[in-house]
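User: I am new to this structure and would like to learn how to read it one feature at a time. Could you take me through it?

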Amino acid sequence: MAEKAKVVVEYKDKRNSSGRVIDGVIYLSISNQISLAEKEEHIRKLTDKLQSKINWAKNYNFNNSKGIVKTNEELSRLAQTINTAYYNYPLNMVEFHKQNSTWGTCSLKTKNIYISNRLKGASLDLVWYVLVHEICHLAEPSHNQRFWDLVSKACPTYKECRKMLKAYGMQIK
Ligand SMILES: [Zn+2]
């Protein structure tokens, strides 16, 4: 039997219930406008769904053979290498930053890219994908077809990488 994740339940004055996983913990936001039986049903269904996602993530095979990136210098060097090889967009600073709800952000104004601390020590494939994603936002702010075409230049396996990133997000604690 797989280990069960911790579940945190919060009741909200809204119609729908929802849930998400942050660092291996299941957070549920349950409607206050339904009966007790329905609340229990929502909690059970959402917990089952999210627990099975966590189990899937735990079984995900990460390939660390290509090395890992831990410091701002390594991160910045990798970003500049990718940018020079594939894009050549104006790019300033690239640094790890404390951010829990996103993997990366970029500023069109300053041309800086910030990558979540949670990716320190992650497999190179993941950091590569997140860097490519943010670099492409320098040229295309929306997630439209043009954006994904740009991403696929430096990261043809980006669909797999997105899946990998989801699995990674559920694994880290
Ligand atoms: Zn994006």
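**Reading the fold**

Analyst: Helix 1 lies across strand 1, strand 2 and strand 3, and runs at about 155° to strand 3. Axes are lines fitted to C-alpha atoms, for helices over the stretch in contact, with angles from 0 to 180 degrees between N-to-C directions, and two residues are in contact if their C-beta atoms, placed from the backbone, lie within 7 Å. Helices (H or I, at least four residues) and strands (E, at least two) are DSSP runs, numbered from the N terminus. This is a predicted model, in which local features need pLDDT of at least 70 and side-chain atom pairs count only at pLDDT 80 or more, while totals for chains, interfaces and linings use all residues. Residues are numbered from 1 along each chain as its sequence is written.

User: In what order do the 3 strands of the open sheet stand?

Analyst: Two strands pair if DSSP finds at least two bridges between them. Here the order is 1-3-2, with mixed pairing. Strand 1 (7-12) and strand 2 stand at the edges with a single partner strand each, so one side of each has no neighbour in the sheet. From one strand to the next, the twist averages 20°. Strand 1 and strand 3 (residues 25-31) run parallel and are joined by 6 bridges, and Y11 stands opposite I30 in strand 3.

User: How is the chain divided into domains?

Analyst: Domain bounds come from an automatic or database domain assignment. In this chain they give domain 1 (7-58) and domain 2 (72-171), whose C-alpha centres lie 30 Å apart. The contact between them takes 8 residues from domain 1 and 4 residues from domain 2. On the side of domain 1 that touches domain 2, helix 1 gives the most, with 5 residues.

User: Which residues have the most contacts inside the largest nonpolar core?

Analyst: A nonpolar core is a set of buried Ala, Val, Leu, Ile, Met, Phe, Trp, Tyr and Cys residues joined through C-beta atoms within 7 Å, where buried means that 20 or more other C-beta atoms lie within 10 Å of a residue's own, with C-beta atoms placed from the backbone. The largest such core has 28 residues, and those with the most contacts inside it are I115, L126, V127, V130, L131 and V132. Helix 3 (124-137) is one of the elements that supply at least two residues of this core, and the largest share, 9 residues, comes from helix 3. Leaving aside neighbours within four places in sequence, V132 is in contact with I82, V151, A154 and C155. A second, separate core of 7 residues includes I26, L46, L50 and I54.

Terms used: Buried ≥ 20, exposed ≤ 12 C-beta atoms within 10 Å, placed from the backbone.
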